[in-house]
Amino acid sequence: MRPNFKPRLVNGPFGDPAVYLEFLRERRAFLFDLGDLRPLTNRELLKISHVFVSHTHVDHFIGFDHLLRISLGRQKQIVLFGPNGIIDNVEGKLRGYTWNLVENYVESLSIKVYQVEEKEIEVAKFSCRERFKRQHLDAVSKSDNILLDEPSLTVCCTFVNHLIPVLAFSFEEKYHINVKKNELEKRNWPPGPWLAELKQAIYEDRPDDWIIQVRSPRTPAQVLAEVPLGELRHTLVMYTAGQKISYVTDMLFEPESVQRVIELVSKSNLLYIEACFLEEDREIASEKYHLTAAQAGYIAGKAKVQNFKLFHFSPKYKGREIELIEEARDAYKKSLEK
Ligand SMILES: [Zn+2]
């Protein structure tokens, strides 16, 4: 199965938190947290369509300026989700600069911010052409933990306790569509962008008589065949479970938060989870509202995740990364077996 997404930590485990989730067959990417983004290329930054911010402590939010700098002057909308206060935080950042002359830009950046609260989501928009003046949009009611629901994917969230409310996120592909190669060959159809159109039509649940045009990338103007979607749906493709990737950071190990996180990240293929401290510093971890590596491993095991990656190590452990990783792995194995 060829995956549709490629996630990676932007910085090393001691660096600022940020996970870049690249869409391999679409020109876009999601970003979880806005720590230092300098390791990303401009091309990668310009692919970012949605940003999910856990909270706005400086190590999770300083990359906002860099993303803004690179995206300015482009015809583009960035959608940003964050916890209580995020609209003020974005406005504060934007008000830190002078915005005359921007009316003349041909291309205009806009930033749409969703502020996730317990019962509703407040929405505001900042457009470059209007000098990034805050524009209030109607709030959205929040009946469950879904933030984004597209035909092929969802992003869900839950709150954890870091003395302030912090968001944990889970990204899930609804199902994965695989094209049967032998069936393509049998029909003598070349692979090409038409397969992406086919998958899109399936995700969008188009009717069976919806026509798909088969074309070769070499002669895109020429239609090789016109086939109803219903036929392809049953003969040409196979369905497998989609990928699930979760992101959890800056939380106190307390029963309510732990339970909510376990439900959110349950059975993820990959979980990114903070591990600021070693178990020997458990007290410091709880004073600072952070996890130890053993606590991170425990959560990963309880949630039956397939794989997990630790990040947000305290600088005091430079040179002791292995200890953090091993401590988490042991706890993971123990809680998985239980
Ligand atoms: Zn942090």
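Let me start with Y317, which is buried at 1% relative accessibility; by buried I mean under 20% relative accessible area, by exposed over 50%, and by partly exposed anything in between, with a 1.4 Å probe and protein chains only. Please keep in mind that this is a predicted model, where local features need pLDDT of at least 70, side-chain atom pairs count only at pLDDT 80 or more, and totals for chains, interfaces and linings use all residues. Residues are numbered from 1 along each chain as its sequence is written, and side-chain values use heavy atoms, with hydrogens and water left out.

Let's turn to the rings. How many aromatic pairs are there? The count comes to 23, where rings of Phe, Tyr and Trp (its six-membered ring) pair if their centres lie within 6.5 Å, and planes under 30 degrees apart are stacked, over 60 edge-to-face and the rest tilted. One of them is F5 with F171, an edge-to-face pair with centres 4.8 Å apart and 80° between the planes. This pair joins distant parts of the chain, since F5 is in strand β1 (residues 5-9) and F171 in strand β11 (residues 165-173), 166 residues apart. A quick word on names: helices (H or I, at least four residues) and strands (E, at least two) are DSSP runs, numbered from the N terminus. F5 has 6% relative accessibility, so this residue counts as buried. F171 is buried too, at 0%.

Back to Y317, then, and its partner F277. Their ring centres are 6.4 Å apart and the planes meet at 85°, so this pair is edge-to-face. F277 sits in the loop between β17 (270-274) and α9 (282-287), and Y317 in the loop between β18 (308-311) and α11 (321-337), so the pair ties together parts 40 residues apart in sequence. F277 is buried, with a relative accessible area of 5%.

If you have the model open, look for the cluster linked by ring pairs: F5, F23, F30, F32, F52, F81, Y114, F169, F171, Y247 and F311.

Now for the helices. Which one is largely enclosed by the rest of the structure? That is α10 (residues 293-302), because eight of its 10 residues are buried. The buried residues are A293, A294, Q295, A296, G297, I299, A300 and G301. They pack against α8 (255-265), β17, α9, β18 and α11, with contact taken as heavy atoms within 4.5 Å.

The axes of α10 and α11 come within 7 Å and cross at roughly 35°; axes are lines fitted to C-alpha atoms, for helices over the stretch in contact, and angles run from 0 to 180 degrees between N-to-C directions. The crossing of α10 and α11 is right-handed, so named when the near helix is turned clockwise from the far one by less than a right angle, anticlockwise being left-handed. Where they meet, α10 brings A293, A294, G297, Y298, A300, G301 and K302, and α11 brings L324, E327, A328, A331, Y332, S335 and L336.

Just after α10 comes K304, with a positive phi of about 55°. K304 lies in the loop between α10 and β18, and this lysine is partly exposed at 44% relative accessible area. D205 also has a positive phi, about 60°, although it is not a glycine. You will find D205 in the loop between α6 (193-203) and β13 (211-216), where this residue is exposed at 61%.

One last stop is I62, in the loop between α2 (58-61) and α3. Is I62 buried or partly exposed? At 44% relative accessibility, I62 is partly exposed. Leaving out residues up to four places away in sequence, I62 touches D16, L34, G35, D36 and K93.
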